[in-house]
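Visitor: I should like to learn how to read the packing around a helix. May we work through one example together?

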Amino acid sequence: MTEDLKQRLVSLASVFLKLGVIGFGGPAAHIAMMEAEIVTDRQWLERSQFLDLLGATNLIPGPNSTEMAIHVGYIYGGGWGLMVAGMCFLFPAIIMTTILAIIYTQFGSLPQIAPLLFGIKPAVIVVIISALYRLGKKAIKQRKFWLIFLLVIILNLLGRNEIFSLLLGGLFGMVGLILIESKANTIPLLVFFISNNIAQATNQSKPTPSLWQLGLFFLKIGSILFGSGYVLIAFLEGELVNQYGWLTQQQLLDAIAIGQFTPGPLLSTATFIGYVILGMPGAIVATLGICLPSFFIVLAVNPIIPKLRRSKWTAAFLDAVNVSAVAIMVVVTLNLLYQILWVPTDGLPVNWEAILIIILAGFALFKYKLNAAWVVLGSSIIGWGLSYI
C-alpha cells in the first residue's frame with residue numbers, strides 16, 4: 001500500500017466518520033452533506049460526477065446515501081476506499097443503535113430524545129436546500145430539462161414510487177430529448193409500468209427465527225430495497241410483524257423511532273430489530289445482511305458509469321435521471337418542511353421555533369458559509385434551549 005493511498009484512506013475515514021456522526025435527516029440530508037464535503041470543500045469529485053453517481057445510485061437497489069459513500073470511497077481510494085468509506089459511514093449509527101437497543105431491552109422503553117431532535121430537523125432542511133440549489137443548477141442545464149423536472153415532481157406528488165419516477169424520467173429524456181435535438185416532428189408517448197412482487201419464503205408464523213432465517217431475511221431486503229426509508233418500513237411491517245410475527249407493532253414503531261433519532265442511514269433500524277429478536281448475534285447478522293449487498297452492487301456498477309457517458313442514448317438517459325433525482329429530493333424536502341413547520345405552537349398555526357432555527361441556519365450556511373456540521377450542531381443547541389423555554 002503506497003503512502004498516497006494511506007493518506008487517502010485516512011481522509012476518507014475522517015470525512016465519513018464525521019458524516020456518520022452528524023448525518024441526521026435521512027438520505028436527502030446525507031447526500032446534501034456529502035455534496036458539501038466531497039464536491040464543494042474538498043473537490044474530490046466534479047459536481048457532474050457526483051450527479052452521475054447519484055442518478056445511478058437511485059436506479060439500483062440499496063440505501064442511496066450508503067451507496068453514495070461507497071461510490072465516493074471506491075473512486076477516491078479504490079477497493080480499500082470502498083470498504084473504509086462505507087464502514088465508517090455506517091459505524092456510528094450501528095454503535096449508537098446497539099447501545100439504545102440494550103437500554104430498550106433492559107428497561108422496556110426509550111429514553112426521552114425529543115429535545116435532541118428539536119433543533120436538528122430544521123437545520124437539516126436548510127442543508128438539503130443548499131445542496132439542491134447547487135445540484136439543480138448543474139443538473140438542469142437547459143430549459144428542456146425543466147419538462148422532466150416538473151414531470152417527476154408531479155408523479156411524486158401523485159404518490160408514484162420513486163423508482164417508477166426515475167425510470168420514466170430517464171426514458172423520457174433518452175427518447176424525447178434526443179428526438180428534440182434531432183428536430184423530430186413527434187415525440188412518442190412513453191407508458192411505463194413497474195410492479196415488484198416480493199417472494200414470500202413461507203406463510204407460517206415463526207415467532208423465534210434462527211440466526212440464518214433472520215440473516216437471510218435482511219439479506220433479501222438489502223438486495224431488493226428501492227426508494228426511501230419509508231419503503232423499508234413497509235417491508236418490515238408487512239413481513240416481520242404481519243407475516244412472521246417476529247416483532248410486535250409497538251416494537252417496530254420503537255425501532256423506527258431509534259432509526260430516525262440516530263444519525264446515518266435508516267438501515268440501523270435493522271441492528272435494533274436484530275438485537276430485540278436475538279440479542280447481540282441477531283444485531284450482527286441483521287446488520288451484515290442488510291448492508292453487505294450495497295458493497296457488492298457498487299463494486300459491480302461503479303466501473304460502468306463513465307461508459308454510459310460515451311453513448312448519446314445512455315448519456316441522455318443519465319442526464320434525465322439526474323434531473324429526476326433532484327426533483328425527487330425537492331418533493332422529499334417539501335414533505336419534511338411541511339411536517340416540521342405545520343405544527344401548532346403557542347397558539348400559532350405554525351411552529352415559530354422551527355422557523356426561527358431555519359432562518360438562523362440559513363444565514364449561517366448561505367451568508368457566512370459555515371460548514372454543515374457546525375450548522376447542525378449549533379442548531380441542536382439552540383433547539384435544546386428553546387424546548388425548555
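Visitor: Which residues does F50 touch, not counting residues up to four places away in sequence?

Guide: Contact here means heavy atoms within 4.5 Å. On that basis, F50 touches I31, M34, E35, V39, L45, M68 and L135. Please keep in mind that this is a predicted model, in which local features need pLDDT of at least 70, side-chain atom pairs count only at pLDDT 80 or more, and totals for chains, interfaces and linings use all residues. Residues are numbered from 1 along each chain as its sequence is written, and side-chain values use heavy atoms, with hydrogens and water left out.

Visitor: Which residues touch the most other members of the largest nonpolar core?

Guide: A nonpolar core is a set of buried Ala, Val, Leu, Ile, Met, Phe, Trp, Tyr and Cys residues joined through side-chain atoms within 4.5 Å. Buried means under 20% relative accessible area, exposed over 50%, and partly exposed in between, with a 1.4 Å probe and protein chains only. The largest core has 79 residues, of which F16, M34, F50, I128 and F149 touch the most other members. Its largest share, 14 residues, comes from α14. A second, separate core of 35 residues includes W246, L252, L267 and A270.

Visitor: How many helices and strands does the protein have?

Guide: Helices (H or I, at least four residues) and strands (E, at least two) are DSSP runs, numbered from the N terminus. The protein has 16 helices and zero strands. Of its 389 residues, 52% count as buried. Among contacts with a separation of 6 or more, 71% come from residues 24 or more positions apart.

Visitor: What span should helix α2 have, and what is the distance between its end C-alpha atoms?

Guide: The expected span of a helix is 1.5 Å times one less than its number of residues. Helix α2, residues 27-41, has 15 residues and should therefore span 21 Å; its end C-alpha atoms lie 20 Å apart, which agrees. Just after α2, Q43 adopts a positive phi of about 55°.

Visitor: At what angle do α1 and α2 pack?

Guide: Axes are lines fitted to C-alpha atoms, for helices over the stretch in contact, and angles run from 0 to 180 degrees between N-to-C directions. The angle between α1 and α2 is about 155°, and their axes are 11 Å apart. That makes α1 roughly antiparallel to α2 (the class for angles over 145 degrees). The contact is made by V15, F16, K18, L19 and I22 of α1 with M33, M34, E37 and I38 of α2.

Visitor: What does I38 touch beyond residues up to four places away in sequence?

Guide: I38, in helix α2, touches V15, F16, Q43, W44, L45 and V72. At 0% relative accessibility, I38 counts as buried. I38 and L12 are 26 residues apart in sequence and 9.8 Å apart in space, C-alpha to C-alpha.

Visitor: With which residues is A131 in contact, leaving aside its neighbours within four places in sequence?

Guide: A131, found in helix α6, is in contact with A32 and E35. The C-alpha atoms of A131 and E35 are separated by 6.8 Å, although the two residues are 96 residues apart along the chain. A131 is buried, with a relative accessible area of 0%.

Note on methods: Angles under 35 degrees count as roughly parallel, over 145 as roughly antiparallel, 65 to 115 as roughly perpendicular and the rest as oblique.
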